[in-house]
Amino acid sequence: MSDLLSWATAHVPDQTGRVAVVTGANSGIGLETARALAHRGARVVLACRDLTKAARARADIDGTVPGASTEILRLDLADLDCVRRFSEAYAAKHDRLDLLINNAGVMAIPKRRTADGFEMQFGTNVLGHFALTTCLLPLVRETPGSRVVWLSSLAHRGGRIDFDDLMHEADYGPWAVYQQSKLADLALALELQRRLDAAGSGTLSVAAHPGWTATNLQFKGPEMMGSKVGEVLARGFNAAFAMDTWKGALPTLVAATASGVRPGDYVGPGGLGEVWGLPDRATISDEARDPTTGRRLWEACERLTGVSADVPCIAVDEAVAI
């Protein structure tokens, strides 16, 4: 039996004195992750694009966790300049970062562009989190026992990284592009761990996926496409078959805090097909494990964002134009 099984939010170790950044903490898995960490004593930074929704989430946490230590900082992962400003604002207020949880994301939406001209799913799920992680990495590495957690998905198994057309200009398909983005997130988690190992760093880079969990991701795509039937079906299937959101947050919490987590671990539900169940180590596709893929992807992200681990936050206007 895995040492990661039988987890619940009550098993999160004491987080007193630690600071966590949770992207997309205004709803879904991000909100439940932030709530659990606050409940165990962490100072939690809600990194959200919509400040009104973030304020509601903070009030929700404060209402269920007496004495919760939370703050809000605006972060729009689809805007590299905003990522840079967030990183600078965070570093000006905090001298440590114990947990960076790259949770936010968009799924299977119509073709859209980020503020920098990137395809929205790759730009948000991958490039935004890559830039954020790289900008904050010096502070993360200076913090003993720190971890970076990347949210991937079961969908990564069907993904393929098209290095000739990362933005899928030639053949945009909402689901295929989402699969690529989640494969890329997992590959980056593993590549970061390789680089941390090579640098002799004690920071862990790990990943998690929530299986089938009830969040707004499943119906946001159909909603944006104007498909009322798709939206109704997504909501219905969520109600009938998906795990509760708090349970879907458990793999993230395990990856972020459990003592048995190893460098480069990937955590997901341990039930049939990793769709439901309590946390266990999850299956990683061969492409995600491939160090050549990881290196090429990392270098592509550096070129596209203009941000590198060696130069944590160079000017955004130096990024490669599309």
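Is F130 buried or exposed in this structure? At 0% relative accessibility, F130 counts as buried, where buried means under 20% relative accessible area, exposed over 50% and partly exposed in between, with a 1.4 Å probe and protein chains only. The model is a predicted one, so to speak: local features need pLDDT of at least 70, side-chain atom pairs count only at pLDDT 80 or more, and totals for chains, interfaces and linings use all residues. Residues are numbered from 1 along each chain as its sequence is written, and side-chain values use heavy atoms, with hydrogens and water left out.

Back to F130 and its partner. A search of the whole structure turns up 3 aromatic pairs; rings of Phe, Tyr and Trp (its six-membered ring) pair if their centres lie within 6.5 Å, and planes under 30 degrees apart count as stacked, over 60 as edge-to-face and the rest as tilted. The ring centres of F130 and W298 are 4.9 Å apart and the planes stand at 80°, so this pair is edge-to-face. Because F130 belongs to helix α4 (residues 120-142) and W298 to helix α11 (residues 291-305), the pair ties together parts that are 168 residues apart in sequence. Helices (H or I, at least four residues) and strands (E, at least two) are DSSP runs, numbered from the N terminus. W298, at 1% relative accessibility, counts as buried. Another ring, that of F163, has the charged end of R296 sitting over it, 4.0 Å from its centre; for this, NZ of Lys or CZ of Arg must be within 6 Å of the ring centre and within 35 degrees of the ring normal.

Next comes the sheet. It is open, has 8 strands in the order β3-β2-β1-β4-β5-β6-β7-β8, and its pairing is mixed; two strands pair if DSSP finds at least two bridges between them. At the edges are β3 (69-74) and β8 (279-281), each pairing on one side only. On average, neighbouring strands are turned by 20° against each other, direction ignored. Strands β1 (residues 19-23) and β2 (residues 43-48) run parallel and are joined by 5 bridges, with R43 of β2 as the bridge partner of V19.

Helices pack on this sheet too. Helix α3 (residues 80-93) touches β1, β2 and β3, and its direction makes about 145° with that of β3. Contact here means heavy atoms within 4.5 Å, and axes are lines fitted to C-alpha atoms, for helices over the stretch in contact, with angles from 0 to 180 degrees between N-to-C directions. Helix α9 (residues 250-257) lies across β4 (99-102), β5 (147-151), β6 (204-208), β7 (266-269) and β8, at about 155° to β5. In α9, 8 of the 8 residues are buried, so the helix is largely enclosed by the rest of the structure.

Then there are the cores. A nonpolar core is a set of buried Ala, Val, Leu, Ile, Met, Phe, Trp, Tyr and Cys residues joined through side-chain atoms within 4.5 Å. The largest has 51 residues, of which F86 and Y90 touch the most other members. Helix α4 gives the most to this core, with 11 residues. Apart from it lies another core of 33 residues, including A20 and L253.

Helix α4 also holds N125, which counts as buried at 0% relative accessibility. Beyond its neighbours within four places in sequence, N125 is in contact with residues including A104, Y178 and D185.
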